Structure formats: structure tokens, C-alpha cells
Amino acid sequence: MTGREKIFSLLSPIVKKSPADQTETVIINGQAGLTRYANSTIHQNVFEVNSKIYFRVALGKKIGVAATNVLSKDGLKKALGDAITIAKNQRETADFQGLPDKLPYKKLKTHFKKTANLTPLQRAEIIKKIFEKAAKHNLTVAGAFSTGESEIAVINSNGVACYQPVTSANISMTAMSDNSSGYADDLARNVDDLDFDQLAETAIRKCLDSKDPQELQPGEYTVILEPKAVAELLEWMNYIGFGAKSFQDGTSFLSGKIGQKIMGGNVSIYDDGNDDQSMAFPFDFEGVPKKKVFFVQNGLAKGVVYDTLTCVKDKTKTTGHALTPDTAERALGLNLFIKGGDTNLKKMVESADRGILVTRFHYINGLIDTNNAVMTGMTRDGTFYLENGKVKHGIKNLRFTESMLKAFSNVEQLSRQRKLIASWWSDVGCITVPAMKVNRFRFTGKTSF
Amino acid sequence: MKEIIKETIAWLKKKGVDYADIRQVKRISESIKVKNREVEAVSKSEDVGFGIRVLYKGAWGFASSNILSKGEFKRIANLALQIARASSLTQKEPVRLAENEIHKDKYVSPCQIDPFKVSLDEKLNLLINACDLMLKKPGIKVADTTLNFFRSQQLFANTEGSIIEQVITESGGGATATAARNGETQWRSYPNSHGGDYATRGYEFIQEMELLRHMEKISNEAVALLSAPDCPAQETTVVISGNQMALQVHESCGHPIELDRVLGMEISLAGGSFMTPDKLGNLQYGSPKVNIYADATTPGGLGSFGYDDEGVKAQRTEIIKEGRFVGYLTSRETAPLFKQKSNGTMRADGWNRIPLIRMTNINLAPGDASLENLIADTKQGLYLDTNKSWSIDDKRLNFQFAAEAAWEIKDGKKGQMYKNPIYTGITPDFWNTCDGIGNQSEWHVWGVPNCGKGEPMQTMHVGHGVSPARFTRVKIGGAK
């Protein structure tokens, strides 16, 4: 980690002296270790130190972007020069209204020393205990445990100077028997917030309970989706529907539906980068403070997230959701939430006469019909048949093909407790969701395990 | 840099490692996106660093850094060693590597026109003109175009004495026309969806794509899809286009033959494989017409290279022979399971990632029919063109694909267009119904630049040489 002062003293003079009309730089700097295991053996164990520095420059309305990980004077000079050369040869971007001005952002504690300093040996010792727990049940374990720290800074020629250091700790584990598996995971800024024993017990119990799975015919079922499964659906909904671009292109399931009822009245979906109960991160990659944005509120379509470019088309303001400067996608939600309900997972199961409990999905794809948020995917690692309020037995995995507008209109219950689920952007956010009981969820296929 | 790498290798040898390798990589890239005539993004990127992989007392450690100083090489080498010691805490069986020849060589991928020397203006004009042609068609709301170029320069050295330099240039791009009406959108892409087609070639690959010649067709078809009926659910014969066959091979053959996946090393994320070792030589994976091979020497293939990332020479391996499963993709760690040498498929997504078993070019050998004949010889069925969505279970058995468009085939002729076609199946059942494969003139190596695997996630560039093919008794379902 370089630190706020050093980063600002390295990059601020470059921004100040840049010959472009406007200049912005974003730095992502950090180190991370990841220990991966399978068959109750550590088989991959990696560490990385890296930096990425983006320059975005504007010559009038012509924009150029270049990135490098070479932090030397020459490396930075070359990257800035590349961005200026691109801008010179560019066409004008009509919607460019200038780089954002400086605005205050929320102070958040997002960096924890112990997480940053956890050694490969400490990770291995934690993992070894998980293997030992599983071995008592003749099970093996596979998964990954990562810890790391990064610092993200945004500086621009309008005076923006944002800096935030972060840590994250993320563990996933799949307990395996000959014909079943059980999954558990957790994510936190502070490694002390991870309960490894409880996670191992969950994975082991799911694996044991789903042994000798029985076949169930596809069809419509009441499903209880655990938070990991809900998050996997939400991640795709974000990708196809919550960003300004898909909304403006007309491919989003929110396009043309603002103000209309598209989901059940008990469903509210939003993005909030300042909620420190989750993986909070207070500003976007343009240095704009994050606003809380509702995508769906009490079942009504409400809006999408914007950066300073996409907001112009819709005559609105940026919501502080810009992605890195090289990303054509522009803006997405990175701190996604579904509002919790008033029950818990145990009561949900008890309320089900007949249904399916889903731990997680595999390989969801949401490109089938984005206007109706139709998705497909498989269940995995702990899928159970429920009868008369009890888990009856494990079942072989099923394929769903379903519209999320329909599914989220059929939500009967949501748990009060919500869980943090990692996504590919976990340094700057995650998905925080409850378990959901959904009626008439459509399974269209099955597999043999 | 070579000297620092040699010194670090010598230091690691002194420390008593079983094996170590160092890869120093410089990767440059250029990405251009034009949407509705407006430039959405133009960016250049440079990424430099090195990674050291150490096998110590049979356990792996890997560390990497973007700081190219002598001191940092030493620090990272030491860290990789410490990490290997930590890995040994849970070691059951020590890792033993298959033997490999020592190579001192340089490989440069073919590149007639350096894409990084073609002016930005020429590239922007191509994409803006493509947008113009798409937007001419009333009903087209979004015209999306993209070009991407990559060059990777790598220096590999290991404790066995190999020193290999490689320079690989990749080019690719494509276009998508999206039509919209009454809250519905439909799109058609050329030459392929999800970003187009890619190759280990220079800008000549983009020129040969003849992007502008195809914009009118995809625009017309995207608009026509809005009025087309939904594809009816049925069980029927399908003729599948080449670009969709590429993804069919990728998902249902390419991934399940990765031996690390088979051995459970990827089970927690990407999953396992139904093609377990007991099935090698025994499983009738497909009909006798099906021959699939891995070939890292396919000219221009996106999965082509000189040596893999543990210094094994690029080669061809039979995977499916006359329908029978005969081979895996292997590494130096996994090949000894079958008393074999690695067949050279360990690839890393940059200096900061360890190599994993990855697809190279997984090719379906051409058959003897033209596409015209495959259709003419079909009494009743569907022609499915270009991938829209993909999904497969974690052992690679139950798959479901959506295509951008379908056409009814009746008495050997293409007729009614359908929208939202989906087909689904179980991998070996599906491939065993293959009764026709397009000939050499239909065969094309499609580049797939977004194959994901591993933790941390690694995105690999792979290729699939395929022709259109025909399958019977395929289950078709609608999206609704």
C-alpha cells in the first residue's frame, strides 16, 4: 500500500501539469493472496502485488483513455501521452459535459490491519481445521480463501481528490461426498467477522443431508432460495437491467416501465454504497459520492444508476456509479441490496407444504429475453425437497428457465437477516440479500446428479 | 531482464526447490467501441510484470509483482517459496511433474498488418460506417460495433533450463444490430455475437471479415425478428450454424476434457466433469461422424501458441475419435495419472496468474456435407443461427442454448423465421444424434475471447474450428 499522501503527491502534479483541457486519473493499488483447495489439499496458493493507473483526458469534447501498471515517471508519462494522442484522433462525445467537481463523500472504515496482514500460513492453518472437521464425516472439501488490501484514489483537474483504503476476506467451501455436496461462503471487510466453524458446519450438514439424492420431475414449484441463490439472480439483473446503458438501449426490463408495478409489493431492490453493514465504498471511479438508488421500490420500477456521461441523455444527474474509465458499460450497481422481510429461513421451510430449497445456482445466463429478465441456470451443492414443513431429502439438480419479473412478483416471504455475497467487484461492493420464498418457480429440465 | 531472471532461477535452485519457473510478461491492448455512430470508448492499456511458480517438497507456491527490479524478483521468489511451505501444511501426496524437453526457442505468431500501427482514424471510420449501414434500416435502435487488439510478449524460464520467448498478436471485433418495438428487443450479430470473432493474426483478419458487407443483412433480420412468431416447442432435427457450433463444442466438450476439472481441482467454482477417467477409451461420446481434437498449432486460431505456460511445445491431441472419447487436455502435474507427458495446455491469463489447464483450439473435424446439402437433406427441422445465451450444469451434462434466430426447414428448404429459439439436451445423448457435419469449405476457426476459469478468475482466449452440423431428436423450447 502506498498511502494517501504518497499517491496524491505522485499523481496530483501530473494532473496539474497535463496539457489536456481536463485530466482525470484513477489508481487501484494493492496486494492479495488466495489459497485454493480441492480434495482437502491446498493445490493452488497465490499472491499478487499490482497497480493500475488510468488517465482520462478531454480536449474539448474529445476523450482519450489509457492505462498502465508501470508506476515509473516514464510509465506514467507514456500513459498520459497515449490518452492525449487518442483524444486528438477521436471524434467528439456529444454528451460530455466536463469532468465532475469536488464533492464531499462519507467517511467509512473499510480497512482492517489484521485482514491486510493475514499470512499464507495463517490461511493454511484455518483451512486445515476445516479439512479436519469434514474428515470426521468422511467428506472432502474444496474452495478458496482470499485476503487482501487495496487503495483506490481518483484525482481530477477540477479538484476531485478521493482516496479510500479497503480490505476484504472471502471464503467459500464445498463439502463433498460420493454423490452429494454442500456449499457455504462468507465475505467481510474484517477477517474477524468470518465464522469459519459455522461455515464448515453448514457445508458439511448440507452435504450429509443431500446424500443419495432422488430425482424430481421438472415443473412449477414453491422454492426457498437461500441468499447465495438470490444474489446470483440479482447479479444478472444488474448486468442486464440496472445500468443506464441497457435502460437507454431499451433492452433492460426496466425500460419504459418506470412507475409501473413490475414485482410484488414486498420487493424493494436498491444500491447503497454508503451502508457500512455491507462492503461499503463511498465514491465511484469519477470521484462522485454514491447516492442511494432504488431500482424497484415496493414492486414499482423506480430507476437506474448513472455516471456523468449517461445521465445527460435522460436529463438527470449522475448517481455516482461510474465504472473504471476504460469501461464502455459506464455505470452499474456495485452495492446491491434487497430489503429484508420479517421471517427467517427456518420458518420459511416450516411454512412450505411442498417445495424445493435451493442453496445456490450454477451458470445462470440472463440473455435469453432481457426485456422480461428471462434467465436459465442449474441448481447445485445442496438442493432439497421439502414436504410438510420439513427437509425430506436431497434431489438431483434441476434447470430453471424463468422470468425474474414473474418470480419476483411471486415472492411470498423474505428473511429479516441478510447475507453478504461476493461478486467480481468485491473490493468496492457486494450483494446483500435475504432468503426468499417464491411461489410457482419454473424448472424446465433435470440432470443425472 | 534475462539476467535477473537467470539469477533468480539460480537462487531458487540453491534453495532446493523441486522445480520453479518464471514468466515475465508485457501485454498491450487497444479497445474501441462505437455505438450509434458515437465513439463510446477508445482505450489503450499496458500491463507489465512477472510471476514465479515454485514447487517445493511437492507443494506449490506462486507470487507475482508489477515491479521489475532485481530486489523485487528476490523478494517475490522468497515469498513464492514461503507460500509453497504453507501449502505443504495440508499435503497428502507430493506433486510430481511429467518430464519435459528443454527448449530454447522464440515463437512469433503470424501478423501481416500490425494492428497497433493502423491509424485510429481508419479503425473509427470502419466502425462508424458499419453503424451508418445498420441505422439505415428503420426499426434499428442500437448499432453496436467493437474492435480489440492484444499483443503479449513473454519470457519464460525454468529450473530445467528452458528459456522461451513468445510474441502473440490477436485481433478481433464485430457488430450487433438491435431492433426495438413495443418494449421488445431482438438482435443479430456479425460475424458472431458477444463481441465478434478473434484470431492470432493482425489487422488483415479485420479486413477479411468484410464487416460492412454484412450490416444490411443483420439489420434486416433483427427487424424481421420483431414480427416473427416465437419458436414452437418441439422435438426435431436441427442444423446448427458454425458460430453456434463453436460454443456447443466449447461448453460440452472443451470444458469437460480439462483433466484438472476431472480430478476435482475446479469443483468449488466451475464444477467437475462427467468425463471421468473410467470413461477414457470407453465412452461413446458421439456418433461415429464426430471427431474432435485439440490443436494449439491451428494457423490463426485464438488458442494457438508456440509453447504453453509451463514450456511444453504446442501440439495436436485426439479427443474424440469416431465418436469415442480418447483423450484429455493435460498438464505436467496431471498427465502422469495416465503415465503420459503433458500435451501442452497450461495457460495463464497474464503474469499475475498461475497457468491452468485451458482449451487451446478444440476443433470438430470437418465432414463431407455442404451447409446447403445438410438443409436440403432435412425433411422437417430448424436451422439455428448464432448464440444468444448459454448455460450448462457443473458436470457438463445438461446444457441449454438460445440462438439469435431460427428458420423452419421443410422439405429441404429454409422457410419461416422464428424468434427466441432455445435448444436443450444431455451432452453424450445430443452428440450421438449427430448425423451430418459440414465440409472443409464450411470450416472456420472461431475465436472465443472470454472463457472464464479459476480463482482469481482468469479469462482465456481459445479457438474452435468447426463447420455447421446436424443433430436429430433435439428438444426445442420457447423462452416464454
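This is a predicted model: local features need pLDDT of at least 70, side-chain atom pairs count only at pLDDT 80 or more; totals for chains, interfaces and linings use all residues.
**Close-up 1. The contact between chain A and chain B.** To this contact chain A brings 72 residues, while chain B brings 68 residues. On the side of chain B that touches chain A, the element that gives the most is strand E2 of chain B (residues 38-56), with 12 residues. Sorted by class, that side of chain B comprises 27 nonpolar residues, 26 polar residues and 15 charged residues.

**Close-up 2. The two assigned domains of chain A.** The domain assignment divides chain A into domain 1, covering 4-206, and domain 2, covering 213-446. Taken over C-alpha atoms, the centres of domain 1 and domain 2 of chain A are separated by 23 Å.

**Close-up 3. The contact between domain 1 and domain 2 within chain A.** Here 34 residues of domain 2 of chain A are in contact with 37 residues of domain 1 of chain A. On the side of domain 1 that touches domain 2, at least two residues each are supplied by strands of chain A that include E1 (22-38), E2 (41-59), E3 and E4 (140-156), together with E5 (161-176) and E6 (181-188). The residues of this side of domain 1 of chain A divide by class into 18 nonpolar, 12 polar and seven charged.

Definitions and conventions
Residues are numbered from 1 along each chain as its sequence is written. Chains are lettered from A and ligands numbered from 1 in the order in which they are written. Two residues are in contact if their C-beta atoms, placed from the backbone, lie within 7 Å. Helices (H or I, at least four residues) and strands (E, at least two) are DSSP runs, numbered from the N terminus. Ala, Val, Leu, Ile, Met, Phe, Trp, Tyr, Cys and Pro count as nonpolar, Asp, Glu, Lys and Arg as charged, and the others, Gly among them, as polar. Domain bounds come from an automatic or database domain assignment.
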